[in-house]
Amino acid sequence: MKATHITSIICSLIIGASFKYCRRTSELINSPLLNIKQAAEYLNLTEEQVTYIIQSEQNTLTKMGSFSGEMFPYFKINNQIFISTTDLTNWIKDATTQRREYTQGLVVH
């Protein structure tokens, strides 16, 4: 009987945490703009990886003179990065379709 009670408590905690995570993800998706931390969370990446993607695409544009496809959708206000949620979805589709690789600070198609 005691083990059943503990199991019920553990299950309740897991379910509660799941609802909180789903609610947080839903809030991110419904927000028109994300900061770098939120975008990283949305993409299941680190902030450093998101910054690396942005820098790699910019490096490729600078080195090659052009960039094929959608670039990571961000803009800056006073050095703070903001990302469009709608455009981020389009970027994900484009980057996936092109099977982009980010290596050595550049984008490889």
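The legends below refer to a predicted model, in which local features need pLDDT of at least 70, side-chain atom pairs count only at pLDDT 80 or more, and totals for chains, interfaces and linings use all residues. Residues are numbered from 1 along each chain as its sequence is written, and side-chain values use heavy atoms, with hydrogens and water left out.

View A. Phe-75 is found in strand 2 (helices, H or I, of at least four residues and strands, E, of at least two are DSSP runs, numbered from the N terminus). With 36% relative accessibility, Phe-75 counts as partly exposed (buried is under 20% relative accessible area, exposed over 50% and partly exposed in between, with a 1.4 Å probe and protein chains only).

**View B. Aromatic pair of Phe-72 and Trp-91**. The structure holds two aromatic pairs (rings of Phe, Tyr and Trp, the last by its six-membered ring, with centres within 6.5 Å; planes under 30 degrees apart are stacked, over 60 edge-to-face and the rest tilted). In the pair shown, the ring centres of Phe-72 and Trp-91 are 5.0 Å apart and the planes stand at 75°, so the pair is edge-to-face. Phe-72 lies in the loop between helix 3 (47-64) and strand 2 (74-77), and Trp-91 in helix 4 (residues 85-97), so the pair ties together parts that are 19 residues apart in sequence. Phe-72 is buried at a relative accessible area of 4%, and Trp-91 is buried at 6%.

View C. Asp-94 has a relative accessible area of 19% and is buried. The side chains of Asp-94 and Arg-100 are joined by a polar contact of 2.5 Å (a pair of N or O atoms within 3.5 Å; within protein, one must be able to donate a hydrogen and the other to accept it, and residues adjacent in sequence count only if both atoms are side-chain atoms). Leaving aside residues up to four places away in sequence, Asp-94 touches Gly-69, Glu-70 and Arg-100 (contact means heavy atoms within 4.5 Å).

**View D. Ala-39 in helix 2 (residues 36-43)**. Ala-39 is buried, at 0% relative accessibility. Beyond residues up to four places away in sequence, Ala-39 touches Leu-34 and Ile-83. Ala-39 and Thr-85 are 46 residues apart in sequence, with 8.2 Å between their C-alpha atoms.
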